[in-house]
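Open the model in your viewer and keep the sequence panel beside it. Each stop below says what to select and what is there.

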Amino acid sequence: MSFSKPIHRIAIVGTGVIGASWAAQYLARGFDVVATDPAPNAEANLRKYVDEAWEQLTVIGLSPGAARDRLSFTSSMKDALSNADLVQENGPERPDFKIKLFADMDEAAPADSLIASSSSGITPSVMQSQCKHPERVLIGHPFNPPHIIPLVEVVGGTKTSPDAIQQALAFYASIGKKPIYLRKELPGHVGNRLQAALYREVMYLIQQGVLSVADADDAVSYGPGLRWGVMGPSLQWHLGGGPGGIKHFMEHLMDPLAGMIKVLGTPDITPELKQTIVKGVLGEAGNRSVDQLAQEENELLVGLIRLRAQHG
């Protein structure tokens, strides 16, 4: 079956932070969005989130037809999905819950509509296992908040159609996202594994008394983190190789780096280490709430994204 039909109406299943951010993103790109969530006050919380995100989305740039009044809400998932061209699921991260939810969504949505999950760790083969039309089920995992961060990880399960994968990649790219295609399933996908790999060494260095929590954060955000906001680590090594580029780096600099890689540490995540990190993070945060920190981060991210867009 082909999944190339135009996408006009998007259903959001689950309107927590990720689902609400996706809803704001799709509205800003000019789609009709219908959301569903059984939680109390879900609609009010969703509309509040969209209203608060709209200023940031306006700075980033709205697409023709973008309007918050194109958002509708229903407590019936069947009604929400019955005419959806794309479903973006954002439910709890429990395999048993996902399997049942995807079977129900598969039953409710048109057979030629894509069903994408925002799951950060569960593989699509698990979620599609009880679906009648598993070929249209895939992962479209964003990074929080989806209405600001461009990256989307796209990966299919063992029964996902290659056409569904290609259509999902094309769709996300068409709305300004930066989709990457994962050719194999693995728990945590890729972005979270990269974050975990870095944080493993951060925790090890803190536990070994090499540096404080605040200094570890500064070592990333004022050093390689700035570069990573411009280009990825492999391209950075290309620059690191000087005029000879990546070839020179591999021939002359990789062996010393490989030696350092071998001695990277694995922390013993003890209650004491957890408490050290908690104390350090709260010290960094000072009087700023989590919401205030998130707002500060989002403002800077919007500026970075606009700057990157100006430079292509």
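**Stop 1: serine 120**

Select serine 120. Its relative accessible area is 30%, so the residue is partly exposed (buried is under 20%, exposed over 50%, partly exposed in between, with a 1.4 Å probe and protein chains only). Serine 120 lies in the loop between S5 and helix H5 (124–127). Helices (H or I, at least four residues) and strands (E, at least two) are DSSP runs, numbered from the N terminus.

Before going on, note the ground rules. This is a predicted model, in which local features need pLDDT of at least 70 and side-chain atom pairs count only at pLDDT 80 or more, while totals for chains, interfaces and linings use all residues. Residues are numbered from 1 along each chain as its sequence is written, and side-chain values use heavy atoms, with hydrogens and water left out.

Now show the neighbours of serine 120. Leaving aside residues up to four places away in sequence, serine 120 touches Glu93, His141, Gly188, His189 and Asn192. Contact means heavy atoms within 4.5 Å. Then draw a distance to methionine 260. The two C-alpha atoms are 30 Å apart in space, and the residues are 140 apart in sequence.

**Stop 2: the sheet**

Switch to cartoon view and colour the strands. An open sheet of 8 strands runs in the order S3-S2-S1-S4-S5-S6-S7-S8, and its pairing is mixed. Two strands pair if DSSP finds at least two bridges between them. Strand S3 (71–73) and strand S8 (178–181) are the edges, each pairing on one side only. On average, neighbouring strands are turned by 25° against each other, direction ignored.

Strand S7 (residues 151–156) runs parallel to S8, and 4 bridges join them. Select glutamate 153 to find isoleucine 180 of S8 opposite.

Next, select strand S4 (residues 86–89). Which residues point one way from S4, and which the other way? Leu86 and Gln88 point one way, Val87 and Glu89 the other, and all are buried. In a regular strand, side chains alternate between the two faces of the sheet.

S4 has a parallel partner in strand S1 (residues 9–13), joined to S4 by 4 bridges. Here isoleucine 10 stands opposite leucine 86. Strand S5 (residues 114–117) also runs parallel to S4, again with 4 bridges. Valine 87 has isoleucine 115 of S5 as its bridge partner.

**Stop 3: aspartate 106**

Aspartate 106 sits in helix H4 (residues 95–108). Its relative accessible area is 3%, so aspartate 106 is buried. Beyond residues up to four places away in sequence, aspartate 106 touches Ile115, Cys131, Lys132, His133 and Arg136.

**Stop 4: salt bridges**

The structure holds 13 salt bridges, each a side-chain nitrogen of Lys or Arg within 4 Å of a carboxyl oxygen of Asp or Glu.

Buried or exposed? Glutamate 89 is buried, at 0% relative accessible area. Lysine 98 is buried too, at 1%.

Select arginine 94 and aspartate 96 next. Their side chains form a salt bridge at 4.0 Å, N to O. Arginine 94 is partly exposed at 42% relative accessibility, and aspartate 96 is exposed at 56%. Elsewhere, salt bridges that share partners join Lys5, Asp85 and Asp112 into one network.

Now move to helix H2 (residues 42–60). Glutamate 52 and lysine 48 form a salt bridge, with the closest N and O atoms 2.7 Å apart. The two residues are 4 apart in the helix, so about one helical turn separates them. Glutamate 52 is partly exposed, at 48% relative accessibility.

**Stop 5: a helix crossing**

Finish with helix H8 (residues 213–221) and helix H12 (residues 271–285). Their axes come within 8 Å and cross at roughly 65°. That makes H8 roughly perpendicular to H12 (65 to 115 degrees; under 35 is roughly parallel, over 145 roughly antiparallel, the rest oblique). Axes are lines fitted to C-alpha atoms, for helices over the stretch in contact, and angles run from 0 to 180 degrees between N-to-C directions.

Select the contact residues. H8 brings Val213, Ala214 and Asp217, and H12 brings Thr276, Ile277, Gly280, Val281 and Glu284. They divide into 4 nonpolar, 2 polar and 2 charged. Ala, Val, Leu, Ile, Met, Phe, Trp, Tyr, Cys and Pro count as nonpolar, Asp, Glu, Lys and Arg as charged, and the others, Gly among them, as polar.
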